[in-house]
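Have the structure open while you read.

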Amino acid sequence: MRRPLVAGNWKMHGTRASVAELIRGLRQLALPTGVEVAVMPPCLYISQVLAGLDGKAIAVGAQNCAVEPMQGALTGEIAPSQLADAGCTMVLVGHSERRLILGERDEQVSRKFAAAQSCGLIPVLCVGETLEQRQAGKTLEVVAAQLGSVIEELGVGAFAQAVVAYEPVWAIGTGLTASPQEAQEVHAAIRAQLAAESAEVARGVRILYGGSVKAANAVELFGMQDIDGGLIGGASLNADEFGAICRAAGNR
């Protein structure tokens, strides 16, 4: 059985003071033992979070990494090997904000995915459609293309040590959320696409839902057959709300 995962993406939020306060709140949470929990702070605060959560069953990941795995002349970037050295265990790749705002292409996403894995990190591949694409009936086509580009480059076996996160772009930070049935349809399609290459990989891979997940809607979302947890944005900045979402994942 797949162990649920709830990961908090803090995005470009935090100061040393606010991060310290959030750490205090996270340390006080009673987390379900059957759920893997992770947070992804801005890189500046990764060391602070690792130190602050020492001994607590919360993994720490990063929000992005360079396309090259090792150190080198790439000003402003952070190598996956450096993230691993700092103590990170996972990293987001292909988040919609990076695809849409910063122009990351599928080829770059695949390179980051491979670079992360080569350094022992678990890549969390983000896929999802815009509102225009959904209204045009292209949701499954868009998601299949984003997932397929990584399968084509690296093979389906790469997903044996990876996570997929479906985040409809129109639901990120908007307060809008895909219905549990809408989300399940996409999650099932993702699993079927992987199963067409390897039934074993498809059975094992965890597929998270992200997009305005809150404690109020988490139980219903996580109750869907192919939803294995959540990639949480704004709600992860509130320790109590994040804890409630983690507990919801423990009840699936």
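## Aromatic pairs and a surface patch

Let's start with Phe-159: at a relative accessible area of 1%, this residue is buried. Keep in mind that the model is a predicted one. Phe-113 is buried too, with a relative accessible area of 0%.

How many aromatic pairs are there? The count comes to two. Phe-113 and Phe-159 make up a tilted pair, with 5.2 Å from centre to centre and 50° between the planes. Phe-113 sits in helix H5, while Phe-159 belongs to the loop between helix H7 (139–154) and strand E6 (163–166), so this pair ties together parts 46 residues apart in sequence.

Then there's Tyr-166 with Tyr-209: their ring centres are 6.1 Å apart and the planes meet at 55°, so this pair is tilted as well. Tyr-166 is part of strand E6 and Tyr-209 of strand E7 (residues 206–209), so parts that are 43 residues apart in sequence get tied together here. Tyr-166 is buried at 0% relative accessible area, and Tyr-209 is buried at 0%.

Here are the pairs side by side:

| Pair | Centre to centre | Angle between planes |
|---|---|---|
| Phe-113 and Phe-159 | 5.2 Å | 50° |
| Tyr-166 and Tyr-209 | 6.1 Å | 55° |

Now for the outside. Which residues form a nonpolar patch on the surface? Leu-100, Ile-101 and Leu-102 do, and together they have about 350 Å² of accessible area. Leu-102 is found in the loop between helix H4 (96–100) and helix H5 (106–118). Its relative accessibility is 55%, so Leu-102 counts as exposed.

Key
Residues numbered from 1 in each chain as written. Predicted model: local features only at pLDDT ≥ 70, side-chain atom pairs only at ≥ 80, totals over all residues. Heavy atoms only, no water. Patch = residues over 30% accessible without salt bridge, like charges linked within 9 Å, V, L, I, M, F, W, Y side chains within 5 Å. Areas by Shrake-Rupley, 256 points an atom, 1.4 Å probe, with all protein chains shown as cover. Salt bridge = Lys/Arg side-chain N within 4 Å of Asp/Glu carboxyl O. Helix = DSSP H or I, 4+ residues; strand = E, 2+ residues; numbered from the N terminus. Buried < 20%, exposed > 50% of the residue type's maximum accessible area, 1.4 Å probe, protein only. Phe/Tyr/Trp six-rings, centres within 6.5 Å; stacked < 30°, edge-to-face > 60°.
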